[in-house]
Amino acid sequence: MLGQIALALEHAHHAVQTKPGFSVLTPEMAAKLEALTSAIIPSDDGPGAREAGVVYFIDRALATFDASKLEEYRTGLTAGGDIAVIEKTPFFETLRTHTIMGFLGSPSYGGNRGNVGWKHIGMDHRMAWLPPFGYYDGEASKK
Amino acid sequence: MKTYSTRETVDFVVIGSGAAGGVMAKELSAAGFSVVVLEQGPWLKEKDFDHDELAHCFHSKLTNDQAKQPYTFRKDDSETAAPVRAIEYGRGVGGGTVHFTGNYWRFHESDFRERSLFGEIAGTGFADWPISYADLEPYYTKAEWELGISGAGGVNPFEGPRSKNYSLPPMPVKSSGVLFERGARKLGLHPYPAPVAILSQPYNGRGACTHCGFCESFGCETRAKSSTLVSVIPVAVKTGRCEIRPGSYVRKISVDKQGRANGVIYFDGRKREQMQKARAVVLCANGAETPRLLLQSKPGGLANSSGLVGKYLMWDNGGVVHGLFEHPLNEYKGIQVTRVLHDFYRSDPKRGFYGGGGIDARFDYTPIRFALEGMPEDTPKWGAGFKKSLGEMFNRTMMLLSHSTSLPQAKNSVTLDPTVKDAWGLPAARITFAQHPDDLQTMRWLQDRQQEIFEAAGALRTWRVPVDIFYANRHLMGTCRMGVDARTSVVNPFSRAHDVSNLWMVDGSNFVTSARQQPTATIQALAYRAADHIVRNRSLLHLKV
């Protein structure tokens, strides 16, 4: 039974990872966004926006709860795929916010794949913890 | 659950099921009255709660939805108010107690008579309360024992006398609490374990907190947070006399020719208008929605002969200083607040302005909010520098947050917007608010104290949030103020409307002054006291049972 669940989870995970198309992004938009979001959170010494699937998160957001922002993306991306240029436009705040949401939000929205965002900030997501929680309360409890 | 027909005249309709409404529902139904609770939001259970930051912190899963119920905002009446989510409140059975952080401070004795202690403050409605700490003390105790509050009584040298300790021992201290205590003690201050509405041990059939870390903004999946949803509302339902009716959006309190309340008109979940008949009405809709409903109920406002319904709105004031430390604090685990101090609570004329506050140690950021709002101004906005800072800071940052005074000013108010309507076609609530200069000075002065504590605790660096930034008000106080004189107050000392003998307003709207925020304990103590008065005087109030 547990094996079947593990297999099902593995399958579901795989399905997310390899999801082929986008709902609302065109391939051109997606390519620019891949470059821009990777510039905001690069894949340098560890997974960044690309590995987190931030572009998939943005596609989902623009197809659902942030559909009203799709036009802003269409207009904003006409400035190109260079973050140094985009940073000077009003679109930057929206893009940055979505990139962060896609990196650190619940994986159920298509981003933060494999919890890479949470791993980066050192957050281990569990339903229960026991004290001590951190270094200083640990140190205090020894005394 | 017992259900009632709308045509049946019940003893009480309670509007709102939050901190006060939940208590009123339980107390009145347990005393034998028939009660219908109208709640605009859904009736969620612990299985409906999760840790989805986007849903809770960005998409209003448990709070008012600006798209459906717009608030408008302006700084003063020379401006035209624009749609702004100026108010945040809990929407759903249990109200704000479902998603609140759980801080549970009693007011101090001096909070009820500050006008006598400190004198008039020009341009404000600064006044004493008509009741004292001693009047409320038994009800604070009752709330702490019925709901389940963890803390250590008598340890805070500044608190008023208490007849009983908290019902549960304090929660375990976090790293933020240890560091705060270290710094504060070096400065000769008196930090103490935070009193919180979260169970440190099993209590009344509910299990102890598992320290998952998602209290503020989230609903508790283990029923360890002592919301009215899991504490008193189930008791009310069990009496067999109380119906909780979620999805009921109230439009109006109906009055008869004699001016007595005779029912409540509301929209059901399918936006059909209904009227529940009742012998008496208790309005517990919070400090913003309670005055809005009174103003909607009658031209000029129901229970408004004083003209003060909606006036003296006070804000959720407090200033933030962040501190970065060498080692991981892992503040994402465990409840938000484990240590508090009240050394600067009392106003001191020597400071040159009125005001004071409590300070607590916490980190109330979820990951996205920290990345967007929590890091220092000079952090790069993108690139390797941004990513590196995020990785290094999330687990090593904490904050000291003050909870401070908000002076009552008549021009700060809730009124009906003349043009903007909500999704039910009702006028939006319009908030007019500007800070009093003393309140801003208090927050800045407290930030200096917070900074000193951080320095004494060995913080590597500190950074502040400017005290004049705009944020939604979540502690909704002062719009139906309590008093003896019907010309200068809206409700009497037992929260009953001066003008309508069978209408009670019981929530933060009753507050005469703000104390130092953290209003939930006092809202609930007022509710226990109002209910007790109703039950004891049922014949005088022409209420049978």
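Colleague: Which residues of H1(B) meet which residues of H12(B)?

Modeller: Two residues are in contact if their C-beta atoms, placed from the backbone, lie within 7 Å. On the H1(B) side these are B:Ala19, B:Ala20, B:Val23, B:Met24, B:Glu27 and B:Leu28, and they meet B:Thr520, B:Ile523, B:Gln524, B:Ala527, B:Tyr528, B:Ala531, B:Ile534 and B:Val535 in H12(B). By class, this contact of H1(B) with H12(B) comprises 11 nonpolar, two polar and one charged residues (Ala, Val, Leu, Ile, Met, Phe, Trp, Tyr, Cys and Pro count as nonpolar, Asp, Glu, Lys and Arg as charged, and the others, Gly among them, as polar). The structure is a predicted model, in which local features need pLDDT of at least 70, side-chain atom pairs count only at pLDDT 80 or more, and totals for chains, interfaces and linings use all residues. Residues are numbered from 1 along each chain as its sequence is written, while chains are lettered from A and ligands numbered from 1 in the order in which they are written.

Colleague: At what angle do the axes of H1(B) and H12(B) cross?

Modeller: Axes are lines fitted to C-alpha atoms, for helices over the stretch in contact, with angles from 0 to 180 degrees between N-to-C directions. For helix H1 (residues 19-30) and helix H12 (residues 520-536) of chain B, the axes come within 9 Å and cross at roughly 25°. H1(B) and H12(B) are therefore roughly parallel to each other (under 35 degrees; over 145 is roughly antiparallel, 65 to 115 roughly perpendicular and the rest oblique). Helices (H or I, at least four residues) and strands (E, at least two) are DSSP runs, numbered from the N terminus.

Colleague: How many residues does each chain give to the contact between chain A and chain B?

Modeller: Chain A contributes 34 residues and chain B 35 residues. On chain A, the elements that give two or more residues to the side touching chain B are helix H2 (27-40), helix H7 (91-104), helix H8 (116-121) and helix H9 (135-142). H7(A) provides the largest share, five residues. That side of chain A has 22 nonpolar, eight polar and four charged residues.

Colleague: How does H7(A) pack against H9(B)?

Modeller: H7(A) and helix H9 (residues 367-374) of chain B have axes 9 Å apart and pack at an angle of about 150°. A:Thr97, A:Ile100, A:Met101 and A:Leu104 of H7(A) make the contact with B:Pro367, B:Ile368, B:Ala371 and B:Leu372 of H9(B). Seven of these residues are nonpolar, one is polar and none is charged.

Colleague: At what angle does H9(A) pack against H6(B)?

Modeller: The angle between H9(A) and helix H6 (residues 175-186) of chain B is about 70°, and their axes are 6 Å apart. That makes H9(A) roughly perpendicular to H6(B). A:Tyr135, A:Tyr136, A:Asp137 and A:Ala140 of H9(A) are in contact with B:Ser175, B:Val178 and B:Leu179 of H6(B). This contact has five nonpolar, one polar and one charged residues.

Colleague: In what order do the six strands of the open sheet in chain B lie?

Modeller: Two strands pair if DSSP finds at least two bridges between them. Here the order is S5-S11-S12-S13-S10-S16 (chain B), with antiparallel pairing. Strand S5 (192-193) and strand S16 (461-464) of chain B are at the edges with a single partner strand each, so one side of each has no neighbour in the sheet. S5(B) is joined by two bridges to strand S11 (residues 339-341) of chain B, and the two run antiparallel. B:Pro193 has B:Arg339 in S11(B) as its bridge partner.

Colleague: Which four strands form the open sheet with mixed pairing?

Modeller: The order of that sheet is S4-S3-S15-S14 (chain B). Its edge strands are strand S4 (82-83) and strand S14 (413-421) of chain B, each pairing on one side only. Five bridges link S14(B) to strand S15 (residues 427-432) of chain B in the antiparallel sense, and B:Lys421 has B:Pro427 in S15(B) as its bridge partner. Helix H8 (residues 289-297) of chain B lies across S14 and S15 of chain B, at about 60° to S14(B).

Colleague: In what sense does S8(B) pair with S9(B)?

Modeller: Strand S8 (residues 261-267) of chain B pairs with S9(B) in the antiparallel sense over five bridges, one of which sets B:Val264 against B:Gln276. S8(B) and S9(B) form a hairpin with five residues between them, and B:Lys271 in the turn has a positive phi of about 60°. Strand S1 (residues 10-15) of chain B runs parallel to strand S9 (residues 273-283) of chain B, joined by five bridges.

Colleague: Over which residues of chain A is the pLDDT below 50?

Modeller: pLDDT is the predictor's confidence in each residue, from 0 to 100. Chain A has a mean pLDDT of 90, with 86% of its residues at 70 or more. Over residues 1-18 of chain A the value is below 50, and this stretch has three contacts in the model beyond near neighbours in sequence. Where pLDDT is low, the predicted coordinates should not be read in detail.
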